[in-house]
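This report describes the fold of one protein. Look at the chain as a whole before reading on.

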Amino acid sequence: MHALKDTVALITGAGRGIGRGIALRFGREGAAVGVFDRNSVEAEAAAAEIRSAGGRAIALHGDVSGACDVRRAVQEISRAFGSPTVLVHNAAILPTGTVEETSEDAWDQVFAINVKGAYLTAREVLPCMRRAGGGSIIFMSSISGVNGFPGMAAYSSTKGALISLARAMAIDYARERIRVNCVSPGTVDSPMLRDFVAAQPDPQKTRQAFDDVQPRGRVGTIEEITGVFVFLASAESSFVTGANYIVDGGMSVRGDQPRM
Ligand SMILES: NC(=O)c1ccc[n+]([C@@H]2O[C@H](COP(=O)([O-])OP(=O)(O)OC[C@H]3O[C@@H](n4cnc5c(N)ncnc54)[C@H](O)[C@@H]3O)[C@@H](O)[C@H]2O)c1
């Protein structure tokens, strides 16, 4: 019943959206959860929700692109629950634009959060996992890291980088029983998606386009993608490393893209 019993999981960007959904699900599956987010109010609320459902969780406030924040978060979760044996690096931002439309600052910022955040959090939890005799690291990529999407140059590059990083780390740490995988969702109904849609010239048309491009006619829900994270975090996936799980309702198989 409790697939993640005896697991200590650090989840970045877990204050809202998909990360929050993963944190709540991990809590229900028996994991002790560190809810890491730069929004401390939302991190506290998510951790409190896990505790009120009978689970174990602490809020960890910080920015994943800051080495000191990440180090402090790992120290806090270790003190509270013991060495983290699962890391989900889910925090990300989604700037839009082509290469010409992306400023250097915007480029650097999205790489700092989406990619450097993965490096910093992984670097900090690896010694903990080694001490614990193994672990599972899961990077949140995106279908845009695999296929081309219009106006998402910087974001897509970061998501592609995470897939390569997971493959490289999978080889480096396989002998230490530390597995590293990616999940690449298609379109999921989350605050990030709603913010993106709201910023388009015709939000209603954009939202409809996202649903229309789905083979089954509607985008994914947060609850529909958390299961793959439970699988990758648990011993059920002990022979899975360096993989990239595409969870997109079949959108990329059909090869269509939303027309906005
Ligand atoms: N929603 C989708 O359709 C979709 C599709 C593919 C991939 N994804 C990926 O899933 C993940 C979650 O997406 P979401 O839709 O839930 O996004 P969201 O914007 O709703 O939530 C992201 C969370 O990350 C936190 N965060 C952002 N920058 C941070 C930082 N520097 N330090 C700490 N926390 C930070 C935010 O405060 C927020 O709580 C992201 O990696 C995103 O790229 C989302």
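## Cores and overall form

The largest nonpolar core has 33 residues, and Leu10, Phe36, Leu87, Val125, Ile137, Phe139 and Met169 touch the most other members. A nonpolar core is a set of buried Ala, Val, Leu, Ile, Met, Phe, Trp, Tyr and Cys residues joined through side-chain atoms within 4.5 Å; buried means under 20% relative accessible area with a 1.4 Å probe, protein chains only.

A second, separate core of 32 residues includes Ile11, Phe26, Val228 and Val230.

The model is predicted: local features need pLDDT of at least 70 and side-chain atom pairs pLDDT 80 or more, while totals for chains, interfaces and linings use all residues. Residues are numbered from 1 along each chain as its sequence is written, and side-chain values use heavy atoms, without hydrogens and water.

In total there are nine helices and seven strands, taken as DSSP runs (helices H or I, at least four residues; strands E, at least two) and numbered from the N terminus. Buried residues make up 50% of the 260 residues. The C-alpha trace spans about 50 × 35 × 35 Å along its principal axes.
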